[in-house]
Amino acid sequence: MRIFGSKLKEAFLSVFPVVLIVLIMSLTPVTDISVTEIILFCVSSLFLIIGITLFNIGAELAMTPMGEHVGSGLTKTKKISVLLSVVFVMGLLITVAEPDLTVLATQVSTVINPTTLIVSVGVGVGLFLFIGISKIVFHKDLSSLLMFFYMALFALVAYLVTSGKFEFFPLSFDSGGVTTGPITVPFIMALGVGVAGAVGGRNASDNSFGLVALCSIGPILAVIILSLLSNGDLSYVLPDYSAEASLGANLFSTIFSVASEVLISLGLIVAFFIVLQIFVLKLPRKKIKQMAIGILYTYIGLVLFLVAVNVGFMPIGFKLGQEIAGAGNELLIIFGFVIGAVVVLAEPAVQVLNLQVEKITGGTVSRKSMLIALSIGVGVSIGLSMIRIIYGFSLLYYVVPGYLISLGLSLFVPKIYTAIAFDSGGVASGPLTSSFILPLAIGACSVIAGESMVLELAFGIVAMVAMTPLITIQVLGFRAVISSKLKEKIEMRRIISAEDEQIIDFME
(Lines give C-alpha, C1' and ligand atoms only; values in the text may rest on other atoms or scores of the structure.)
Protein backbone atom coordinates (compact mmCIF):
# COMPACT_ATOMS: atom_id res chain seq x y z
CA MET A 1 0.00 0.00 0.00
CA ARG A 2 2.92 2.32 0.75
CA ILE A 3 4.33 1.64 -2.74
CA PHE A 4 0.95 2.39 -4.33
CA GLY A 5 0.71 5.71 -2.46
CA SER A 6 4.22 6.71 -3.50
CA LYS A 7 3.61 5.84 -7.17
CA LEU A 8 0.22 7.59 -7.11
CA LYS A 9 1.87 10.77 -5.84
CA GLU A 10 4.52 10.59 -8.58
CA ALA A 11 1.85 10.09 -11.24
CA PHE A 12 -0.25 12.99 -9.94
CA LEU A 13 2.73 15.36 -9.93
CA SER A 14 3.56 14.26 -13.50
CA VAL A 15 0.09 14.76 -14.98
CA PHE A 16 -1.07 17.79 -12.97
CA PRO A 17 1.02 20.41 -14.89
CA VAL A 18 -0.49 19.27 -18.23
CA VAL A 19 -4.03 19.40 -16.82
CA LEU A 20 -3.43 22.81 -15.23
CA ILE A 21 -2.11 24.32 -18.49
CA VAL A 22 -5.07 22.99 -20.49
CA LEU A 23 -7.59 24.23 -17.90
CA ILE A 24 -5.96 27.69 -17.82
CA MET A 25 -6.09 27.87 -21.63
CA SER A 26 -9.77 26.84 -21.57
CA LEU A 27 -10.57 29.90 -19.41
CA THR A 28 -8.89 32.37 -21.77
CA PRO A 29 -10.58 34.05 -24.76
CA VAL A 30 -8.07 32.29 -27.02
CA THR A 31 -9.94 28.96 -26.89
CA ASP A 32 -13.60 27.94 -27.02
CA ILE A 33 -13.60 24.56 -25.29
CA SER A 34 -17.04 23.23 -24.28
CA VAL A 35 -18.04 22.03 -20.81
CA THR A 36 -18.42 18.49 -22.18
CA GLU A 37 -14.85 18.54 -23.47
CA ILE A 38 -13.50 19.84 -20.15
CA ILE A 39 -15.37 17.19 -18.14
CA LEU A 40 -14.18 14.47 -20.51
CA PHE A 41 -10.62 15.74 -20.25
CA CYS A 42 -10.71 15.90 -16.42
CA VAL A 43 -12.16 12.40 -16.07
CA SER A 44 -9.57 11.12 -18.55
CA SER A 45 -6.86 12.78 -16.47
CA LEU A 46 -7.94 10.84 -13.38
CA PHE A 47 -7.81 7.59 -15.32
CA LEU A 48 -4.44 8.63 -16.71
CA ILE A 49 -3.02 9.11 -13.19
CA ILE A 50 -4.31 5.72 -12.03
CA GLY A 51 -3.04 4.10 -15.23
CA ILE A 52 0.49 5.50 -14.82
CA THR A 53 0.51 4.40 -11.16
CA LEU A 54 -0.45 0.80 -11.96
CA PHE A 55 1.89 0.66 -14.95
CA ASN A 56 4.90 1.80 -12.90
CA ILE A 57 4.17 -0.79 -10.21
CA GLY A 58 3.74 -3.48 -12.86
CA ALA A 59 6.94 -2.53 -14.64
CA GLU A 60 8.92 -2.93 -11.41
CA LEU A 61 7.25 -6.24 -10.49
CA ALA A 62 7.16 -7.88 -13.91
CA MET A 63 8.49 -6.26 -17.06
CA THR A 64 11.93 -5.24 -15.77
CA PRO A 65 12.70 -8.52 -13.91
CA MET A 66 11.35 -10.50 -16.87
CA GLY A 67 13.68 -8.77 -19.32
CA GLU A 68 16.68 -9.19 -17.02
CA HIS A 69 16.03 -12.92 -16.52
CA VAL A 70 15.52 -13.49 -20.25
CA GLY A 71 18.74 -11.66 -21.11
CA SER A 72 20.90 -13.30 -18.44
CA GLY A 73 19.31 -16.75 -18.81
CA LEU A 74 19.83 -16.96 -22.57
CA THR A 75 23.36 -15.55 -22.31
CA LYS A 76 24.39 -18.06 -19.67
CA THR A 77 23.49 -20.95 -22.01
CA LYS A 78 26.50 -19.75 -24.09
CA LYS A 79 24.53 -20.47 -27.26
CA ILE A 80 24.95 -17.13 -28.97
CA SER A 81 23.10 -18.20 -32.14
CA VAL A 82 20.04 -19.17 -30.07
CA LEU A 83 20.20 -15.90 -28.13
CA LEU A 84 20.38 -13.76 -31.26
CA SER A 85 17.67 -15.72 -33.11
CA VAL A 86 15.25 -15.47 -30.21
CA VAL A 87 16.05 -11.76 -29.82
CA PHE A 88 15.16 -11.09 -33.48
CA VAL A 89 11.82 -12.88 -33.24
CA MET A 90 11.04 -11.17 -29.93
CA GLY A 91 11.82 -7.74 -31.38
CA LEU A 92 9.49 -8.43 -34.32
CA LEU A 93 6.60 -9.71 -32.19
CA ILE A 94 6.58 -7.04 -29.51
CA THR A 95 6.82 -4.29 -32.12
CA VAL A 96 3.96 -5.67 -34.21
CA ALA A 97 1.85 -5.61 -31.03
CA GLU A 98 2.97 -2.13 -29.82
CA PRO A 99 -0.16 0.07 -29.38
CA ASP A 100 1.70 3.31 -30.26
CA LEU A 101 2.64 1.94 -33.67
CA THR A 102 -0.95 0.85 -34.35
CA VAL A 103 -2.19 4.37 -33.53
CA LEU A 104 0.28 5.91 -36.00
CA ALA A 105 -0.46 3.31 -38.69
CA THR A 106 -4.22 3.93 -38.58
CA GLN A 107 -3.66 7.70 -38.89
CA VAL A 108 -1.77 7.24 -42.16
CA SER A 109 -3.83 4.35 -43.59
CA THR A 110 -4.61 6.38 -46.73
CA VAL A 111 -0.88 6.63 -47.46
CA ILE A 112 0.50 3.20 -46.49
CA ASN A 113 -1.35 -0.03 -45.74
CA PRO A 114 -1.32 -0.35 -41.91
CA THR A 115 -0.39 -4.05 -41.88
CA THR A 116 2.47 -3.50 -44.32
CA LEU A 117 3.77 -0.57 -42.25
CA ILE A 118 3.55 -2.46 -38.92
CA VAL A 119 5.25 -5.62 -40.21
CA SER A 120 8.01 -3.64 -41.96
CA VAL A 121 8.72 -1.67 -38.79
CA GLY A 122 8.66 -4.91 -36.76
CA VAL A 123 11.32 -6.44 -38.99
CA GLY A 124 13.41 -3.27 -38.61
CA VAL A 125 13.23 -3.41 -34.81
CA GLY A 126 13.97 -7.15 -34.74
CA LEU A 127 17.05 -6.68 -36.91
CA PHE A 128 18.44 -3.81 -34.82
CA LEU A 129 17.68 -5.56 -31.53
CA PHE A 130 19.76 -8.41 -32.96
CA ILE A 131 22.55 -5.90 -33.69
CA GLY A 132 22.19 -4.31 -30.24
CA ILE A 133 22.52 -7.61 -28.36
CA SER A 134 25.49 -8.51 -30.58
CA LYS A 135 27.08 -5.19 -29.53
CA ILE A 136 26.75 -6.17 -25.87
CA VAL A 137 27.98 -9.74 -26.34
CA PHE A 138 31.01 -8.77 -28.43
CA HIS A 139 31.74 -5.49 -26.52
CA LYS A 140 31.41 -3.21 -29.54
CA ASP A 141 31.36 0.58 -29.24
CA LEU A 142 27.88 2.14 -29.39
CA SER A 143 29.08 5.50 -30.75
CA SER A 144 30.73 3.84 -33.76
CA LEU A 145 27.60 1.84 -34.54
CA LEU A 146 25.37 4.90 -34.24
CA MET A 147 27.74 6.90 -36.45
CA PHE A 148 27.74 4.19 -39.14
CA PHE A 149 23.99 3.56 -39.22
CA TYR A 150 23.01 7.22 -39.17
CA MET A 151 25.38 7.94 -42.04
CA ALA A 152 23.76 5.08 -43.97
CA LEU A 153 20.36 6.46 -42.99
CA PHE A 154 21.07 9.94 -44.33
CA ALA A 155 22.46 8.46 -47.53
CA LEU A 156 19.07 6.79 -48.03
CA VAL A 157 17.32 10.06 -47.17
CA ALA A 158 19.31 11.82 -49.89
CA TYR A 159 18.15 9.19 -52.37
CA LEU A 160 14.58 9.57 -51.08
CA VAL A 161 14.69 13.31 -51.84
CA THR A 162 15.93 12.74 -55.40
CA SER A 163 13.27 10.06 -56.00
CA GLY A 164 10.44 12.53 -55.37
CA LYS A 165 8.93 10.66 -52.39
CA PHE A 166 9.99 13.08 -49.69
CA GLU A 167 6.48 13.08 -48.16
CA PHE A 168 7.41 9.80 -46.47
CA PHE A 169 10.42 11.29 -44.73
CA PRO A 170 8.64 12.76 -41.64
CA LEU A 171 6.58 9.57 -41.31
CA SER A 172 9.69 7.39 -41.36
CA PHE A 173 11.31 9.29 -38.49
CA ASP A 174 8.02 9.30 -36.55
CA SER A 175 7.92 5.49 -36.91
CA GLY A 176 11.28 5.29 -35.17
CA GLY A 177 9.89 7.29 -32.25
CA VAL A 178 6.62 5.42 -31.67
CA THR A 179 8.06 1.90 -31.74
CA THR A 180 9.82 2.39 -28.41
CA GLY A 181 6.58 2.52 -26.44
CA PRO A 182 5.48 1.75 -22.87
CA ILE A 183 5.52 -2.03 -23.33
CA THR A 184 8.75 -2.49 -25.26
CA VAL A 185 10.98 -0.02 -23.39
CA PRO A 186 11.00 -1.68 -19.93
CA PHE A 187 11.51 -5.10 -21.50
CA ILE A 188 14.22 -4.09 -23.97
CA MET A 189 16.17 -2.04 -21.42
CA ALA A 190 16.03 -4.83 -18.85
CA LEU A 191 17.04 -7.32 -21.54
CA GLY A 192 20.18 -5.26 -22.14
CA VAL A 193 20.92 -5.12 -18.39
CA GLY A 194 20.50 -8.90 -18.13
CA VAL A 195 22.77 -9.70 -21.09
CA ALA A 196 25.41 -7.16 -20.02
CA GLY A 197 25.40 -8.54 -16.47
CA ALA A 198 25.84 -12.11 -17.71
CA VAL A 199 28.60 -11.16 -20.17
CA GLY A 200 30.39 -9.05 -17.54
CA GLY A 201 33.43 -6.92 -18.22
CA ARG A 202 34.70 -3.62 -16.84
CA ASN A 203 32.05 -1.54 -18.61
CA ALA A 204 29.04 -3.80 -18.04
CA SER A 205 26.86 -0.87 -16.86
CA ASP A 206 27.74 1.32 -19.84
CA ASN A 207 27.28 -1.63 -22.19
CA SER A 208 23.72 -2.27 -20.98
CA PHE A 209 22.39 0.97 -22.48
CA GLY A 210 21.89 1.66 -26.19
CA LEU A 211 19.35 -1.00 -27.19
CA VAL A 212 16.47 1.47 -27.40
CA ALA A 213 18.70 3.83 -29.42
CA LEU A 214 19.56 1.16 -31.97
CA CYS A 215 15.99 -0.15 -32.13
CA SER A 216 14.81 3.35 -33.09
CA ILE A 217 16.98 3.29 -36.25
CA GLY A 218 15.49 0.09 -37.68
CA PRO A 219 11.96 1.45 -38.26
CA ILE A 220 13.28 4.60 -39.96
CA LEU A 221 15.32 2.58 -42.43
CA ALA A 222 12.43 0.13 -42.94
CA VAL A 223 9.87 2.84 -43.77
CA ILE A 224 12.28 4.68 -46.09
CA ILE A 225 12.95 1.44 -48.00
CA LEU A 226 9.20 0.70 -48.02
CA SER A 227 8.46 4.17 -49.39
CA LEU A 228 11.01 3.75 -52.20
CA LEU A 229 9.26 0.53 -53.24
CA SER A 230 5.70 1.87 -53.01
CA ASN A 231 3.57 3.53 -55.68
CA GLY A 232 0.50 4.46 -53.61
CA ASP A 233 -1.54 7.64 -53.34
CA LEU A 234 0.00 10.15 -50.95
CA SER A 235 -3.21 12.11 -50.22
CA TYR A 236 -3.80 12.49 -46.49
CA VAL A 237 -7.31 12.45 -44.98
CA LEU A 238 -7.81 14.29 -41.68
CA PRO A 239 -9.26 11.96 -38.98
CA ASP A 240 -12.27 12.94 -36.84
CA TYR A 241 -10.81 14.30 -33.59
CA SER A 242 -14.05 15.73 -32.17
CA ALA A 243 -15.04 14.90 -28.58
CA GLU A 244 -18.41 13.63 -29.83
CA ALA A 245 -16.56 10.95 -31.81
CA SER A 246 -15.11 9.61 -28.55
CA LEU A 247 -18.46 9.28 -26.77
CA GLY A 248 -21.40 6.90 -27.15
CA ALA A 249 -20.83 3.62 -28.96
CA ASN A 250 -17.36 4.75 -30.01
CA LEU A 251 -16.28 4.88 -26.36
CA PHE A 252 -16.95 1.17 -25.89
CA SER A 253 -15.30 0.31 -29.19
CA THR A 254 -12.23 2.34 -28.15
CA ILE A 255 -12.03 0.56 -24.78
CA PHE A 256 -12.42 -2.85 -26.44
CA SER A 257 -9.86 -2.01 -29.14
CA VAL A 258 -7.26 -0.74 -26.65
CA ALA A 259 -7.85 -3.68 -24.28
CA SER A 260 -7.39 -6.13 -27.17
CA GLU A 261 -4.22 -4.46 -28.44
CA VAL A 262 -2.61 -4.39 -24.98
CA LEU A 263 -3.66 -8.01 -24.37
CA ILE A 264 -1.95 -9.05 -27.60
CA SER A 265 1.15 -7.00 -26.72
CA LEU A 266 1.55 -8.49 -23.27
CA GLY A 267 0.34 -11.91 -24.40
CA LEU A 268 3.14 -12.25 -26.94
CA ILE A 269 5.77 -11.27 -24.38
CA VAL A 270 4.29 -13.57 -21.70
CA ALA A 271 4.02 -16.51 -24.13
CA PHE A 272 7.65 -15.99 -25.13
CA PHE A 273 8.68 -15.86 -21.47
CA ILE A 274 6.72 -19.03 -20.58
CA VAL A 275 8.56 -21.01 -23.27
CA LEU A 276 11.90 -19.77 -21.94
CA GLN A 277 10.83 -20.48 -18.36
CA ILE A 278 10.03 -24.10 -19.23
CA PHE A 279 13.16 -24.83 -21.26
CA VAL A 280 15.85 -22.42 -20.00
CA LEU A 281 15.14 -20.19 -17.00
CA LYS A 282 13.26 -22.43 -14.53
CA LEU A 283 12.73 -19.64 -12.02
CA PRO A 284 11.16 -20.41 -8.62
CA ARG A 285 7.37 -20.38 -8.31
CA LYS A 286 7.43 -17.41 -5.93
CA LYS A 287 9.19 -15.25 -8.56
CA ILE A 288 6.72 -16.33 -11.26
CA LYS A 289 3.77 -15.45 -9.01
CA GLN A 290 5.22 -11.97 -8.40
CA MET A 291 5.65 -11.44 -12.14
CA ALA A 292 2.08 -12.60 -12.82
CA ILE A 293 0.75 -9.96 -10.41
CA GLY A 294 2.99 -7.37 -12.05
CA ILE A 295 1.69 -8.28 -15.52
CA LEU A 296 -1.88 -7.81 -14.31
CA TYR A 297 -0.99 -4.35 -12.93
CA THR A 298 0.77 -3.49 -16.20
CA TYR A 299 -2.21 -4.58 -18.29
CA ILE A 300 -4.82 -2.63 -16.31
CA GLY A 301 -2.54 0.42 -16.11
CA LEU A 302 -1.85 0.51 -19.84
CA VAL A 303 -5.51 0.06 -20.77
CA LEU A 304 -6.53 2.93 -18.49
CA PHE A 305 -3.66 5.08 -19.77
CA LEU A 306 -4.32 4.54 -23.48
CA VAL A 307 -8.11 4.86 -23.21
CA ALA A 308 -7.70 8.14 -21.29
CA VAL A 309 -5.27 9.48 -23.87
CA ASN A 310 -7.39 8.46 -26.87
CA VAL A 311 -10.74 9.57 -25.45
CA GLY A 312 -9.85 12.74 -23.53
CA PHE A 313 -6.49 13.99 -24.73
CA MET A 314 -6.63 13.63 -28.54
CA PRO A 315 -9.76 15.82 -29.02
CA ILE A 316 -8.40 18.51 -26.68
CA GLY A 317 -4.96 18.41 -28.33
CA PHE A 318 -6.44 18.84 -31.83
CA LYS A 319 -8.80 21.64 -30.80
CA LEU A 320 -6.08 23.52 -28.88
CA GLY A 321 -3.84 23.31 -31.94
CA GLN A 322 -6.53 24.77 -34.19
CA GLU A 323 -7.58 27.59 -31.88
CA ILE A 324 -4.13 28.65 -30.68
CA ALA A 325 -2.89 28.67 -34.30
CA GLY A 326 -5.74 31.05 -35.12
CA ALA A 327 -4.78 33.32 -32.21
CA GLY A 328 -1.22 34.04 -33.36
CA ASN A 329 2.10 32.46 -34.28
CA GLU A 330 4.00 33.67 -31.19
CA LEU A 331 1.44 32.15 -28.81
CA LEU A 332 1.58 28.84 -30.70
CA ILE A 333 5.38 28.64 -30.34
CA ILE A 334 5.33 29.55 -26.63
CA PHE A 335 2.51 27.10 -25.92
CA GLY A 336 4.34 24.38 -27.85
CA PHE A 337 7.45 24.83 -25.71
CA VAL A 338 5.56 24.87 -22.40
CA ILE A 339 3.31 21.90 -23.14
CA GLY A 340 6.26 19.90 -24.51
CA ALA A 341 8.27 20.53 -21.36
CA VAL A 342 5.53 19.14 -19.11
CA VAL A 343 4.04 16.37 -21.29
CA VAL A 344 7.23 14.32 -21.13
CA LEU A 345 6.81 14.09 -17.34
CA ALA A 346 3.63 12.05 -17.83
CA GLU A 347 5.16 9.43 -20.15
CA PRO A 348 5.19 6.07 -18.29
CA ALA A 349 8.35 4.76 -19.96
CA VAL A 350 10.25 7.91 -18.93
CA GLN A 351 9.75 6.97 -15.28
CA VAL A 352 11.13 3.47 -15.97
CA LEU A 353 14.14 4.90 -17.82
CA ASN A 354 14.95 7.37 -15.03
CA LEU A 355 14.80 4.70 -12.33
CA GLN A 356 17.05 2.36 -14.28
CA VAL A 357 19.54 5.13 -15.12
CA GLU A 358 19.81 6.19 -11.47
CA LYS A 359 20.22 2.56 -10.41
CA ILE A 360 22.80 1.60 -13.05
CA THR A 361 24.89 4.76 -12.62
CA GLY A 362 24.80 4.54 -8.82
CA GLY A 363 23.17 7.97 -8.56
CA THR A 364 25.77 9.72 -10.76
CA VAL A 365 22.94 10.58 -13.17
CA SER A 366 20.03 11.49 -10.90
CA ARG A 367 16.35 11.26 -11.79
CA LYS A 368 16.00 15.01 -11.25
CA SER A 369 18.75 15.95 -13.70
CA MET A 370 17.37 13.47 -16.24
CA LEU A 371 13.85 14.92 -15.97
CA ILE A 372 15.10 18.52 -16.32
CA ALA A 373 17.20 17.62 -19.38
CA LEU A 374 14.33 15.71 -20.99
CA SER A 375 11.79 18.46 -20.27
CA ILE A 376 13.98 21.17 -21.80
CA GLY A 377 14.77 18.99 -24.80
CA VAL A 378 11.16 18.06 -25.54
CA GLY A 379 9.95 21.63 -24.94
CA VAL A 380 12.46 22.97 -27.45
CA SER A 381 11.54 20.28 -29.97
CA ILE A 382 7.81 21.15 -29.88
CA GLY A 383 8.56 24.87 -30.13
CA LEU A 384 10.81 24.28 -33.16
CA SER A 385 8.15 22.05 -34.74
CA MET A 386 5.59 24.85 -34.46
CA ILE A 387 8.04 27.22 -36.17
CA ARG A 388 8.38 24.67 -38.99
CA ILE A 389 4.60 24.46 -39.39
CA ILE A 390 4.32 28.27 -39.48
CA TYR A 391 7.05 28.82 -42.09
CA GLY A 392 6.55 25.56 -44.00
CA PHE A 393 10.13 24.34 -44.40
CA SER A 394 11.51 20.80 -44.53
CA LEU A 395 12.18 18.59 -41.52
CA LEU A 396 15.67 18.05 -42.96
CA TYR A 397 16.72 21.53 -41.75
CA TYR A 398 16.32 20.26 -38.18
CA VAL A 399 17.17 16.59 -38.43
CA VAL A 400 20.49 16.78 -40.31
CA PRO A 401 22.24 19.37 -38.07
CA GLY A 402 20.54 17.89 -34.98
CA TYR A 403 21.94 14.41 -35.53
CA LEU A 404 25.34 15.77 -36.61
CA ILE A 405 25.57 17.65 -33.30
CA SER A 406 24.41 14.55 -31.39
CA LEU A 407 26.94 12.29 -33.07
CA GLY A 408 29.67 14.91 -32.69
CA LEU A 409 29.01 15.20 -28.95
CA SER A 410 29.31 11.42 -28.64
CA LEU A 411 33.02 11.76 -29.42
CA PHE A 412 33.64 13.98 -26.38
CA VAL A 413 31.35 12.74 -23.59
CA PRO A 414 31.56 9.53 -21.53
CA LYS A 415 29.99 6.59 -23.36
CA ILE A 416 27.38 6.14 -20.64
CA TYR A 417 25.90 9.57 -21.43
CA THR A 418 25.74 8.84 -25.16
CA ALA A 419 23.93 5.55 -24.55
CA ILE A 420 21.49 7.14 -22.08
CA ALA A 421 20.87 10.10 -24.42
CA PHE A 422 20.00 7.98 -27.46
CA ASP A 423 17.83 5.70 -25.31
CA SER A 424 16.05 8.75 -23.89
CA GLY A 425 15.18 9.97 -27.39
CA GLY A 426 13.16 6.82 -28.06
CA VAL A 427 11.58 6.80 -24.62
CA ALA A 428 10.50 10.47 -24.61
CA SER A 429 8.34 9.96 -27.71
CA GLY A 430 5.68 7.83 -26.01
CA PRO A 431 1.86 7.56 -26.10
CA LEU A 432 1.18 11.16 -25.08
CA THR A 433 3.37 12.40 -27.93
CA SER A 434 1.44 10.44 -30.57
CA SER A 435 -1.98 10.99 -28.97
CA PHE A 436 -1.75 14.60 -27.69
CA ILE A 437 1.23 16.42 -29.23
CA LEU A 438 0.72 15.01 -32.76
CA PRO A 439 -3.01 15.98 -32.83
CA LEU A 440 -1.96 19.41 -31.51
CA ALA A 441 0.41 19.79 -34.47
CA ILE A 442 -2.17 18.43 -36.93
CA GLY A 443 -4.76 20.91 -35.66
CA ALA A 444 -2.33 23.83 -35.97
CA CYS A 445 -1.18 22.73 -39.42
CA SER A 446 -4.74 22.32 -40.72
CA VAL A 447 -5.38 26.00 -39.89
CA ILE A 448 -2.01 27.46 -40.97
CA ALA A 449 -1.04 25.38 -44.02
CA GLY A 450 -4.15 23.36 -44.85
CA GLU A 451 -5.00 19.66 -44.72
CA SER A 452 -2.91 18.87 -47.81
CA MET A 453 0.31 19.81 -45.99
CA VAL A 454 -0.35 17.84 -42.79
CA LEU A 455 1.64 14.77 -43.86
CA GLU A 456 4.71 16.87 -44.68
CA LEU A 457 4.60 19.51 -41.91
CA ALA A 458 2.66 18.16 -38.90
CA PHE A 459 4.19 14.70 -39.03
CA GLY A 460 7.80 14.71 -37.95
CA ILE A 461 6.98 16.18 -34.54
CA VAL A 462 7.49 12.76 -32.92
CA ALA A 463 10.90 12.64 -34.60
CA MET A 464 11.75 16.03 -33.11
CA VAL A 465 10.74 14.86 -29.64
CA ALA A 466 13.00 11.85 -30.09
CA MET A 467 15.95 13.91 -31.33
CA THR A 468 16.41 16.85 -28.95
CA PRO A 469 17.07 14.77 -25.78
CA LEU A 470 20.08 13.34 -27.62
CA ILE A 471 21.65 16.79 -27.47
CA THR A 472 20.45 17.95 -24.04
CA ILE A 473 21.53 14.84 -22.13
CA GLN A 474 24.91 14.69 -23.86
CA VAL A 475 25.37 18.37 -22.99
CA LEU A 476 24.69 17.24 -19.42
CA GLY A 477 27.52 14.72 -19.83
CA PHE A 478 29.79 17.33 -21.41
CA ARG A 479 29.17 19.62 -18.45
CA ALA A 480 30.07 16.78 -16.08
CA VAL A 481 33.36 16.22 -17.96
CA ILE A 482 34.25 19.94 -17.87
CA SER A 483 33.31 20.16 -14.20
CA SER A 484 35.52 17.16 -13.38
CA LYS A 485 38.50 18.67 -15.24
CA LEU A 486 38.04 22.02 -13.51
CA LYS A 487 38.05 20.33 -10.10
CA GLU A 488 41.26 18.50 -11.02
CA LYS A 489 42.90 21.80 -12.03
CA ILE A 490 41.81 23.47 -8.79
CA GLU A 491 43.24 20.60 -6.74
CA MET A 492 46.53 20.75 -8.66
CA ARG A 493 46.76 24.53 -8.11
CA ARG A 494 46.25 24.04 -4.39
CA ILE A 495 49.05 21.47 -4.24
CA ILE A 496 51.42 23.62 -6.30
CA SER A 497 50.66 26.82 -4.35
CA ALA A 498 51.07 25.11 -0.96
CA GLU A 499 53.84 26.64 1.14
CA ASP A 500 57.13 24.80 1.22
CA GLU A 501 57.18 24.77 5.02
CA GLN A 502 53.94 22.84 5.13
CA ILE A 503 55.33 20.31 2.71
CA ILE A 504 58.55 19.95 4.76
CA ASP A 505 56.56 19.56 7.98
CA PHE A 506 54.48 16.91 6.33
CA MET A 507 57.60 15.07 5.14
CA GLU A 508 59.08 15.13 8.66
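A salt bridge is counted here where a side-chain nitrogen of Lys or Arg lies within 4 Å of a carboxyl oxygen of Asp or Glu. By that definition the side chains of Glu 491 and Arg 494 form a salt bridge, with 3.4 Å from N to O. The model is a predicted one.

**Salt bridges**

Four salt bridges are found in a search of the whole structure. Three of them, including the pair just named, are listed below.

| Salt bridge | N to O distance |
|---|---|
| Glu 37 and Lys 319 | 3.0 Å |
| Lys 415 and Asp 141 | 3.4 Å |
| Glu 491 and Arg 494 | 3.4 Å |

Glu 37 forms a salt bridge with Lys 319. Glu 37 belongs to helix 2 and Lys 319 to helix 12 (residues 285-327), so this pair ties together parts that are 282 residues apart in sequence. Glu 37 counts as buried, because its relative accessibility is 10% and buried means under 20%.

Lys 415 forms a salt bridge with Asp 141. This pair also links distant parts of the chain: Lys 415 is in helix 17 and Asp 141 is in the loop between helix 5 and helix 6, 274 residues apart. Lys 415 is exposed, with a relative accessible area of 53%, while Asp 141 is partly exposed at 25%.

Glu 491 and Arg 494 both sit in helix 20, three residues apart, which is about one turn of the helix. Glu 491 is partly exposed at 42%, and Arg 494 is exposed at 55%.

**A buried lysine**

Lys 135 lies in helix 5 (residues 114-137). Lys 135 is buried but has no salt bridge; the nearest side chain of opposite charge is that of Asp 141, 7.7 Å away. Apart from neighbours within four places in sequence, Lys 135 contacts Lys 140, Leu 142, Leu 145, Asn 207, Phe 209 and Leu 214.

Two cavities of 30 Å³ or more are found in the whole structure. The lining of the largest cavity has eight nonpolar, five polar and no charged residues.

The second largest cavity holds about 40 Å³. Its lining consists of Thr 95, Val 125, Thr 179, Thr 180, Thr 184, Ile 188 and Cys 215. By class, these are three nonpolar, four polar and no charged residues.

**Two loop residues with positive phi**

Lys 78 is in the loop between helix 2 (35-76) and helix 3 (80-96). Its phi is near 60 degrees, a positive value in a residue other than glycine. Lys 78 is exposed, with a relative accessible area of 70%. Lys 78 and Val 199 are 121 residues apart in sequence, and their C-alpha atoms are 9.7 Å apart.

His 139 is in the loop between helix 5 and helix 6 (142-162). His 139 is not a glycine, yet its phi is positive, about 55 degrees. His 139 is partly exposed, with a relative accessible area of 47%.

Conventions: Residues numbered from 1 in each chain as written. Predicted model: local features only at pLDDT ≥ 70, side-chain atom pairs only at ≥ 80, totals over all residues. Heavy atoms only, no water. Helix = DSSP H or I, 4+ residues; strand = E, 2+ residues; numbered from the N terminus. Buried < 20%, exposed > 50% of the residue type's maximum accessible area, 1.4 Å probe, protein only. Lys, Arg positive; Asp, Glu negative; His and termini not counted. Contact = heavy atoms within 4.5 Å. 1 Å grid on protein atoms, 1.4 Å probe; cavity = no way out; pocket = protein on both sides within 12 Å on 5 of 7 lines; lining within 4 Å. Points joined across faces, edges and corners; volume = space filled by probe spheres on them. Nonpolar A, V, L, I, M, F, W, Y, C, P; charged D, E, K, R; others polar.
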